[in-house]
Amino acid sequence: MRAEAEVLSGVVRRPGASQAFGRWTRKVWSYRASYMMLSPFMVGFFLFTILPVMAGIGLSLTYYDVLQTPHWVGLQNFKTLFLYDNVFIITVRNTLVYGLVTGPIGLLLSFFFAWIINRVRVTWRVPLTLALYAPSLQAGTTVALISGYFLSSDQYGLFNYLLMRWGIVHKPVTWLQNPHLIMPVLIGVTLWMSMGTGFLIFLAGMQTVNNSLYEAARVDGIRNAWQELFFITMPQMKPFLLMNSIFAVVGSFGGSGLLGLAGGINSPDYAAASINDYANDYATTRYLMGYAAAIAVIMFIWSYGLGRLLLNWLSEK
Amino acid sequence: MATVAAPTQQNQQPRARGIRRRNHIHKDELSILGTLVLVLFAILMFVPFVILFGRAFMTYNELFHFPPVIIPYQLTTQNFSTLILALSGLTVPFARYLFNSVLVAFFVVLGVVVIATLAAYPLSKHTKMPGHGFLWFLVIASLMYAGPATNIPRYLIITQLGLVNTYWALILPVVVSTFGLYLMRNFIDSIPNEVLEAARIDGASEWKMLQTIIYPATQPAWAVLVLLTFVMVWNDAANPQLYIHTDALKTLPVAFATLAPGGTNTVAFAGAQAAAGMVMALPPIILFLITQSKVIATMAYAGLTG
């Protein structure tokens, strides 16, 4: 109506703000079904995830010890973290070591075992897959319990018993109380649990690789399984490798979660504490929420940055 | 790669027998030695479970026997009866914790399957919706933020809503976990757009398309969703510890810690501890056995987009 009037009167106006707004409103209204479908999830998501995260970021700029109301300190927490906190450096080192070892190695193990299992007879695949996947299904508490049977620091622990019986050591080894041994132990247990979703994804993905490629390769002169692996399987699996590697590396930086193993949040000399554990320590034991929130913000920037970096780097290859 | 001249009729003949026999199985089967090594390794990986299940059925004689016993000679179900009957030190029977865990897990899985599929459809296919990019960014970013400092604000919100000490506190925050959404969205991505276009041309509304196209097509992915969500909820100790204060509503992982607070070296309840450990470890394994064929079939889609 309005457009007609404009044309008839010889004046053509460019769409003003109100018209653009009207257009946007109509667009939103046309998608109303989509918004309705999204709403159950988004309401809960906003309430239970977004709001607490925003509050957490806000808390990182305050001093909050749960007893008094938080008061503003600006970037003080971050300054302290970077300049004065020695333990933070230790946890950063721990997290880096833990992440860089378990992430890639876990990924390689998953890939390797998925490849091997794909080559055995079909009837054997289910029990083998179960044996490798079952550890990843367990809770931290169950893993702590099971590990306790092996890693107990007295002679009842199975590792100690076997080592002593074979004469390799003469006193029981304190696996979990020795600051030097905790990290390798933790890494070992994590690797035991590391054949999880990624492993299944590799397993499935390898079954989708086109078989005619293998036959063509045989004609072209590929002789043994290793060549086949490098030249065909791995390139075909690139999209799977991409997604899995991002999850693996970023996820393993989230901390061990195997707190029960070391008998509490604080391992001796903080030898096994990851950044996540450190933040938890401040949040649940010392009730310094502002400081814990600052650590959490740093963790977030790190994970997100690392994730994007990996995404960009790997999707170019 | 070695370039071999295209096999002509002549030079293919003498080698054909060897190659053709190998090509009969188009992938090499693992050698006997390789299979044996793999089986041995798998057994080693499974040994911890064997020990756990063994200890659940051991008498106290053998639990603390030195040298340590792996396979019990005297089997007993006394540990389980200790567990099920009222234990001193716990104010509610163990079966209650089991019931709580099962209840919460059931409703969470149900909620996630419905809500995640519902929300994944617009996020996957309606890319021109205003706010789509922003919402998806929020979802991805929240996957990476696992700060413990969000616990206190979340606790305050749940208290304000009056949900503390109810089952809802254990169900609702978990139902909107972004992991399920991510999985379903990737799966729905693999549904070809042409099908949806055709339906739209035929005059179907979005809800109709959801019902007739999306829901049937995503059913394979539900196996994965159910398995992973169930495992996540079943093993979760942090949430119940935070939100539930009455014993009657606590779930298994929380109750587990009370059984033997000294770890594996306390004598009291060591058998019951192993039995409880078995009760906690078994359901995810059984669920995996039930769903594994569908899960592995679906994982191929999950890995493709990403």
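Tutor: What follows is a set of questions and answers on this predicted model.

Student: How many helices and strands does chain A come to?
Tutor: Take chain A by its secondary structure. Both kinds of element are present in the count. The total is 15 helices and 2 strands.

Student: What percentage of the residues of chain A count as buried?
Tutor: Chain A has 317 residues. A residue is buried if 20 or more other C-beta atoms lie within 10 Å of its own. By that test, the buried share of chain A is 40%.

Student: Among contacts in chain A between residues at least 6 apart in sequence, what percentage join residues at least 24 apart?
Tutor: Start from the contacts in chain A whose residues are at least 6 apart in sequence. Then keep those that join residues at least 24 apart. The share is 67%.

Student: Which helix gives the most to the side of chain A that touches chain B?
Tutor: The contact draws 86 residues from chain A and 83 residues from chain B. On the chain A side, 18 residues come from one helix, spanning residues 32–59. That top contributor is helix H3 of chain A.

Student: Is A:Met36 buried, exposed or partly exposed?
Tutor: A:Met36 sits in helix H3 of chain A. A:Met36 has 13 C-beta neighbours inside 10 Å, so A:Met36 counts as partly exposed.

Student: How many Å apart are A:Met36 and A:Leu162 in space?
Tutor: In sequence, A:Met36 and A:Leu162 are 126 residues apart. Now go from C-alpha to C-alpha. The separation of A:Met36 and A:Leu162 in space is 62 Å.

Student: How are helices H11 and H12 of chain A oriented to each other?
Tutor: H11(A) covers residues 211–220, and H12(A) covers residues 225–236. Their axes come within 11 Å and cross at roughly 130 degrees. Angles of 65 to 115 degrees count as roughly perpendicular, and angles over 145 as roughly antiparallel. H11(A) and H12(A) are therefore oblique to each other.

Student: Which residues of H12(A) meet H11(A)?
Tutor: H11(A) brings A:Leu213, A:Tyr214 and A:Ala217. By class, the contact has 5 nonpolar, no polar and 1 charged residues. From H12(A) come A:Glu228, A:Phe231 and A:Ile232.

Student: What are the domains of chain B, and how many Å separate their centres?
Tutor: Chain B is divided into domain 1, 39–76, and domain 2, 94–304. Their centres are taken over C-alpha atoms. The separation of domain 1 and domain 2 of chain B is 33 Å.

Student: Which element gives the largest share of the side of domain 1 of chain B that touches domain 2 of chain B?
Tutor: The contact takes 9 residues from domain 1 and 8 residues from domain 2 of chain B. On the domain 1 side, helix H2 (32–56) and helix H3 (60–63) of chain B each give two or more residues. The largest share is 5 residues, and it comes from H2(B).

Student: How are H5(B) and H9(B) oriented to each other?
Tutor: H5(B) spans residues 94–125, and H9(B) spans residues 178–189. The axes of H5(B) and H9(B) come within 8 Å and cross at roughly 50 degrees. Angles under 35 degrees count as roughly parallel, and 65 to 115 as roughly perpendicular. H5(B) and H9(B) are therefore oblique to each other.

Student: What is the handedness of the crossing of H9(B) and H11(B)?
Tutor: H11(B) runs over residues 206–234. H9(B) and H11(B) pack at about 145 degrees, with axes 10 Å apart. Their crossing is right-handed.

Student: Where is B:Asn165 found?
Tutor: B:Asn165 is a residue other than glycine with a positive phi, near 65 degrees. B:Asn165 counts as partly exposed, with 15 C-beta neighbours inside 10 Å. Its place is the loop between helix H7 (151–160) and helix H8 (167–175) of chain B.

Technical notes
Residues numbered from 1 in each chain as written. Chains lettered and ligands numbered in written order. Predicted model: local features only at pLDDT ≥ 70, side-chain atom pairs only at ≥ 80, totals over all residues. Axes fitted to C-alpha atoms, helices over the stretch in contact; angles between N-to-C directions. Helix = DSSP H or I, 4+ residues; strand = E, 2+ residues; numbered from the N terminus. Contact = placed C-beta atoms within 7 Å. Nonpolar A, V, L, I, M, F, W, Y, C, P; charged D, E, K, R; others polar. Left-handed = near helix turned anticlockwise from the far one by under 90°. Domains from an automatic or database assignment. Buried ≥ 20, exposed ≤ 12 C-beta atoms within 10 Å, placed from the backbone.
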